[in-house]
Amino acid sequence: MPRILDPRRLANQGVILAGQVALAHCERLQEAVLEVSEPIDVSLTFEIAEQGRKVVRGQASTTVMMACQRCLEPIASPVKASIQLGIVWSEDEAKALSKDLDPWIVDGEEADISVMVEDELLLALPFVTYHPEGQCHVVIPSAMGEETSDVGKENPFSILEQLKNSGSDN
């Protein structure tokens, strides 16, 4: 897949692109996870939508390794981003987009497709990841806690009670 392209021209031509984005161009994604373990597959359709708005729709997917929040061991997490962007020149134009489109601000003729795909994948990352129940290598205390018997345990305030009781005899 080409890295630098003219998205408005592609929208005018109704171009469909499919391929992979190079991991070397997605440094922020690589820093956000332990490892990007599969290639980033992308399919994009550039088109003209309602009111002559230029848009790009498609999806990007990969699998990343993230830390399990229970045991901190790596866990594979598939990431799939649905892309529905309106290609605009500025923030002001972005405000006029319909609610189903997010803005892709391209202030020049050309844009870096890998930056846009990386942004969408970063937004699609899960907030937290866990191994399925029973697969972590850490013991998790019960949320309810186990009831413990007070029989045989010495009350740490028993000395104070004894002092209180002994002082009342005077």
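This briefing describes the fold, core, salt bridges, cysteines and surface of the structure above. The model is predicted. The protein has five helices and eight strands, and 34% of its 170 residues count as buried. A search of the whole structure finds six salt bridges, whereas the count of disulfides comes to zero.

**Fold and secondary structure**

- From the N terminus on, the elements follow the order β-α-β-α-β-β-β-β-α-β-β-α-α.
- Helix α4 covers residues 113-124, which makes 12 residues. At 1.5 Å a residue, this helix should span 16 Å, and its end C-alpha atoms are 17 Å apart, which agrees with the expectation.
- The buried residues of α4 are I113, S114, M116, V117, E118, E120 and L121.
- The loop between β5 and β6 contains Q69. This residue is partly exposed, with a relative accessible area of 44%.
- Q69 and T129 are separated by 60 residues in sequence, but their C-alpha atoms are 6.0 Å apart in space.

**Nonpolar core**

- In soluble globular proteins, nonpolar side chains tend to be buried together.
- The largest nonpolar core in this model has 31 residues, and F46, W104 and V117 touch the most other members.
- Two or more residues of this core come from each of α1 (7-13), β2 (16-21), β4 (40-48), β5 (54-67), β6 (74-88) and α4.
- Strand β6 gives the most to this core, with five residues.
- V117, one of the core residues with the most contacts to other members, is also among the buried residues of α4.

- R28 lies in helix α2 (residues 27-32) and E118 in helix α4, so the pair ties together parts that are 90 residues apart in sequence.
- R28 also forms a salt bridge with D119, with the closest N and O atoms 2.6 Å apart. This second pair again links distant parts of the chain, with R28 in helix α2 and D119 in helix α4, 91 residues apart.
- R28 counts as partly exposed at 38% relative accessibility, and D119 counts as partly exposed at 31%. E118, by contrast, is buried, with a relative accessible area of 3%.

- R57 forms a salt bridge with E47, the closest N and O atoms being 2.9 Å apart.
- Elsewhere, salt bridges that share partners join R28, E118 and D119 into one network.

**Cysteines**

- A disulfide is a covalent bond between the sulfur atoms of two cysteines.
- The cysteine sulfur closest to that of C68 belongs to C136, at 3.5 Å. A disulfide requires the two sulfur atoms to lie within 2.5 Å, so the separation of 3.5 Å between C68 and C136 is too far for a bond.
- C136 is likewise in no disulfide, since the nearest cysteine sulfur, that of C68, is 3.5 Å away.
- C68 is buried, with a relative accessible area of 0%. C136 is also buried, with a relative accessible area of 15%, because the cut-off for a buried residue is under 20%.

**Nonpolar surface patch**

- F157, I159, L160 and L163 form a nonpolar patch on the surface. Together these residues have about 450 Å² of accessible area.
- L163, a member of this patch, is located in helix α5 (residues 158-167).
- L163 is exposed, because its relative accessible area of 54% lies above the cut-off of over 50% for exposed residues.

Methods:
Residues numbered from 1 in each chain as written. Predicted model: local features only at pLDDT ≥ 70, side-chain atom pairs only at ≥ 80, totals over all residues. Heavy atoms only, no water. Patch = residues over 30% accessible without salt bridge, like charges linked within 9 Å, V, L, I, M, F, W, Y side chains within 5 Å. Areas by Shrake-Rupley, 256 points an atom, 1.4 Å probe, with all protein chains shown as cover. Salt bridge = Lys/Arg side-chain N within 4 Å of Asp/Glu carboxyl O. Helix = DSSP H or I, 4+ residues; strand = E, 2+ residues; numbered from the N terminus. Buried < 20%, exposed > 50% of the residue type's maximum accessible area, 1.4 Å probe, protein only. Expected span 1.5 Å × (residues − 1). Core = buried A, V, L, I, M, F, W, Y, C linked by side-chain atoms within 4.5 Å.
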